[in-house]
Amino acid sequence: MKMYSLTKIIALTALVLAGCSPADDTSSPKLVEVDLLIAGGLVYDGSGSVPVTADIGIVDGRIHFIGDAGAAGVVGTEQVDAAGHWVTPGFIDAHSHAALDEDYGKDAEPYLRQGITTVVLGMDGAGTFNVTDQFDGWRATGIGVNVIHFVGHGAIRNAVLGHDDREPTDTEFEEMKRLVRKGMDEGAFGLSTGLFYVPGTYASTDEVIELGKVAADYEGALYDTHDRDMGAVYEGIGYEASVEEAIRITEESGLRGIFSHYNLQGAHNYGRADVGAKLINDARVRGVDIWAAHHPYTATQSSLRAYTMPYWASAGGHDAMIARFDNPEASEEIMDATNAMLGIRGGADKIMFVDQRADLNGKTLADIAGERELSPAEAVQSILRENNASVMNLELYDHQNTRRLAQEAWMMTCTDGRTPRPEEQAAHPRTFGAFPKKMREFVFEENLLTPEFLIRGYSGLAADFYYLPDRGYLREGYIADVVVIDPDRYRDLATFENPKLMSEGVVHAMVNGTFAIRDGEITAELAGEPLLRSSSVIN
């Protein structure tokens, strides 16, 4: 961040405090110059308040004026005409897999095109505990958006126990605690878990609570959960029990919690959103600080192994799994479980590959099984012998459940999006369209929500949850993560058939006061910053 222009700040602050305008003085007012004036836009400040038409003045990357610039004598060295457009805080993607480490992903264009200026990474228990190394790498190469990062329980468990399906020894558990502290000391916002995934699924509830208590020693620390069973888990604990487990971990650890990509999975859970909402609302009433985020798509994205392998089959790692495939009796038992898991998920034709391997990408598991003249369960083992694969599970979520949950005041929004490689033709459209799709469906088409309510969930609500003291709102003194949107054009274009189409309607997007999008064009400025938890705590 640049040093402030002291002359500009002093002059502007005096002007604002004095409430000066040309009418206040018979002499001509002394004009105050700001670096950029965003003029005449309909300002949604992120609070959920009704928008107002106003001008916004920016000095050295921060907002220093909101109001009537003409009346206050404020002029811009540069000016953007925002008449007829919305001006909003930059949006916060509460659960992301943006590939900022990769050359093809570091500019974060799919996210910026939606108005996202901050992404939350380290999700599903996969976040590194070497946070400083990660942040230093991003600072060296540049990134297109700001980053909030979590330390991952699964990454820690893998480092200490590998893929062993057992409890840690006392010595191992002390090492796990040390790695949680390391990540938190280096600026992680909290602990994330993927209790649906190997190796996180091998952990007991008590293990996670005790590691959560370590994170809770740090002010403002958070717990982000991909809960153990979202409703479509083979031999799982069930949706309600899984929600209750996540609430218990949040409550007993002393952390503040958020459900990742929160929704109910499986046709048997269609229309049951009230069940989970009641569990969360009841917990909040008794004082548990628990929130959620979701996206508006009916398809999920994960891995073939997670969707088709019983947990015991993956224990011990890849070589141990292959050894079970080579054992005729074990292989048959695994295939029986795979068939049951595919039944829960709608069948082999509902599992679509979004993988970098060209022979898989864009095809369903049913397609691959046919090509290889195998049963779907046999095809799974054939593919996993090579490597795990990224897949989508089509039609797993119910739109009516999503619609119901979108109305909750504690619901944020996420893409859960992985930036695809350029050679991948198939991908999940949520990476490219989650935020405008939610706006299009629930505001423009269904009139279910007001723009100010949804924009609050995109910005101010998320900033409140993550304890960002100077982001998420359009307020004087706040960092200029600012988006200008043409509401007549703001829409998602990505579909399951054409998933990599960029969203439209973001005219300008500023990250830390620098244009990342200007006049609809990506600027190639990499102005994003890793955000440290220590700088986010409200004392």
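1. Is glutamate 186 buried, partly exposed or exposed, and what is its relative accessible area? In this predicted model, glutamate 186 has a relative accessible area of 21% and is therefore partly exposed, given that buried means under 20%. Its salt-bridge partner is lysine 182, with the closest N and O atoms 3.0 Å apart, and lysine 182 also counts as partly exposed, at 23% relative accessibility.

2. A second salt bridge joins the side chains of arginine 385 and aspartate 326, at 2.7 Å from N to O. This pair connects distant parts of the chain, since arginine 385 lies in helix α15 (residues 376-386) and aspartate 326 in helix α12 (residues 318-326), 59 residues apart. Arginine 385 is partly exposed at 37% relative accessibility, and aspartate 326 is likewise partly exposed, with a relative accessible area of 49%.

3. Aspartate 492 and arginine 440 meet through their side chains in a salt bridge of 2.6 Å, N to O. Here too the pair links distant parts of the chain, with aspartate 492 in the loop between β18 (482-485) and β19 (506-511) and arginine 440 in helix α17 (residues 430-445), 52 residues apart. Aspartate 492 has a relative accessibility of 9% and so counts as buried, the limit for that class being under 20%.

4. Beyond these pairs, a network of salt bridges links Asp355, Arg357, Asp359, Arg372 and Glu386. For the whole structure, the search finds 36 salt bridges.

Note on methods:
Residues are numbered from 1 along each chain as its sequence is written. This is a predicted model: local features need pLDDT of at least 70, side-chain atom pairs count only at pLDDT 80 or more; totals for chains, interfaces and linings use all residues. Side-chain values use heavy atoms; hydrogens and water are left out. A salt bridge is a side-chain nitrogen of Lys or Arg within 4 Å of a carboxyl oxygen of Asp or Glu. Buried means under 20% relative accessible area, exposed over 50%, partly exposed in between (1.4 Å probe, protein chains only). Helices (H or I, at least four residues) and strands (E, at least two) are DSSP runs, numbered from the N terminus.
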